[in-house]
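Here is a short report for a first look at a protein model. Take a moment with the view below, then read on.

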Amino acid sequence: MANAEVAAFLEQNPDVQTIELLIGDLNGVIRGKRIEIDLLEKVFEEGFNLPGSVMALDATGTTVEETGLGADAGDPDYLCLPVPGTLAPVPWIGPDRAQALFSMYETDGETPFKIDPRQVLRRVMETFNKLGYTPGIAVEMEFYLMDKERDADGHLQPPVSPTSGRRMSSKQVYSMDDLDDYDFFIRDVIDTAHAQNIPADTVITEYAPGQFEVNLNYCNDPLEAADHAVLLKRVITQVAKKWEMEATFMAKPYIEHAGSGMHIHLSLMDKDGNNIFGTEDVLNNKYMRWAMGGIISMADATQALLCPSINSYRRLSPDFLAPTSKTWGYDNRTLALRIPSGNTEAHRIEHRMSGADANPYLAVAVVLAGAAEGLMHKIDPPPPTEGNAYDQNHPELADNARDALRAMKNDQRVLHWFGKDFIEMYSICKWSEVRLFERQITPMELELLLPYL
């Protein structure tokens, strides 16, 4: 099958000379190698080796030695095998370049490497599938376009559109003019995504200057849906570079503007293809309630997976429609879990807790694990919330990395779903980042405290 995929691809893309072998790390950052065309068939048959320490990197790209995957263990290699269907051209480079996505295994080529986030999602799916429901997953990702040049004070700023010569300076949510100004970029993103078999379909302007959202079509394979999200982030970043701009999926690049989230939509189909959430009185649909109850019951323990950096928690502000409490309800964007409006057959959960900086594999795994916990144990949620949740008293989500990491460590359900080895490695890496950021003295501290203390 691997040889057939390679042969068919090369027949359609005869100019390819170099192939990029891609794998997502703990943070969803793409790592890998490049090979020349004469090695492609062998790599697709036998895989290639990478050190397992690529799954134990902090935000600086440095191996966290406390994980035991680095020098103390000899920095051993693990086997990376191709993800079928991901061999694709790389349009922003040219007709001589291609790429393929890989996943990491033990050296036997059969045992999944427990620290690879893609394998973590696969583990969650194996348990979820025992419920007998087929999940439908759709991912929405927000991001910012920025000028490569900083403003006079050295701060980030939106780009200048080469179409209009105008720099975006106000929110203008859903603005068609702003979409027109950046149609060259949006069209390039959509065309490039389609060339790589990534089902991106809709782009809108969001709640801040330079902020956009791109949507992926529904997919009944959660692994494939997460693959698409990982690869689409790469497309957006690279196409922005092509047009002399920068794109970022930081959760909060501007403190004065809305943060960027990654919203995950979940529907569940029974064996006959019927959406089990699809009833008129959706707030009292038992499956919807149990799924909501499970996700909310695990919210504290999974927050560290959805908010992977110190910056992630800056997004959680009531002023910008980011979830701050464990709430759910109908067609309400002030909630953590929203049931979008629409016809009965389309009823679904919109999970709004993830930052755009979250690893898509882990974010999808969190949604599936929470929903499954609720369905298996018939967990009732709190009453649905109406009105502005920020003006009401609801149990709050963790708003800092320390609380989130401690909650994750103390929840046995997380260890069950994600694996003790993975949670231990993830925790070590994230505590290392907490210490890294907290060792910095900020300019504001010096400005406000130094003269007076």
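Which residues does the UniProt annotation "domain: GS beta-grasp" cover? According to that unreviewed UniProt entry, the annotation covers residues 14–109. The model itself is predicted. In the model, the span of residues 14–109 is 7% helix and 36% strand. Its end C-alpha atoms lie 30 Å apart.

**Strand pairing**

Start with strand β11, residues 262–269. Seven of its eight residues are buried, so β11 is largely enclosed by the rest of the structure. Strand β11 pairs with strand β7, residues 134–147, in the antiparallel sense. Eight bridges join β7 and β11. In one of the pairs, Glu 140 has His 263 in β11 as its bridge partner.

Strand β11 also meets strand β14, residues 349–351. Three bridges join β11 and β14, and the two run antiparallel. Here His 265 stands opposite Glu 350 in β14.

Now turn to strands β8 and β9. Strand β8 covers residues 200–205, and strand β9 covers residues 211–216. The two pair in the antiparallel sense over five bridges. Thr 202 has Asn 215 in β9 as its bridge partner. Together β8 and β9 form a hairpin, with five residues between them. In the turn, Gly 210 has a positive phi of about 85 degrees.

The pairings can be set side by side.

| Strands | Sense | Bridges | A residue pair |
|---|---|---|---|
| β7 and β11 | antiparallel | eight bridges | Glu 140 and His 263 |
| β8 and β9 | antiparallel | five bridges | Thr 202 and Asn 215 |

**Cysteines**

How many disulfides does the structure hold? It holds zero. Cys 80 is in no disulfide, and the nearest cysteine sulfur, that of Cys 429, is 17 Å away. A disulfide needs two cysteine sulfur atoms within 2.5 Å. Is Cys 80 buried or exposed? Cys 80 is buried, with a relative accessible area of 0%. Cys 219 also counts as buried, at 10% relative accessibility.

**A surface patch**

Which residues form a nonpolar patch on the surface? They are Met 444, Leu 448, Leu 449, Tyr 452 and Leu 453. Together they have about 650 Å² of accessible area. One of them, Leu 449, lies in helix α13, residues 443–449. Leu 449 is partly exposed, with a relative accessible area of 41%.

How values were computed: Residues numbered from 1 in each chain as written. Predicted model: local features only at pLDDT ≥ 70, side-chain atom pairs only at ≥ 80, totals over all residues. Heavy atoms only, no water. Buried < 20%, exposed > 50% of the residue type's maximum accessible area, 1.4 Å probe, protein only. Patch = residues over 30% accessible without salt bridge, like charges linked within 9 Å, V, L, I, M, F, W, Y side chains within 5 Å. Areas by Shrake-Rupley, 256 points an atom, 1.4 Å probe, with all protein chains shown as cover. Salt bridge = Lys/Arg side-chain N within 4 Å of Asp/Glu carboxyl O. Helix = DSSP H or I, 4+ residues; strand = E, 2+ residues; numbered from the N terminus. UniProt positions renumbered as here; feature names shortened; annotations may be inferred. Pairing = 2+ DSSP bridges.
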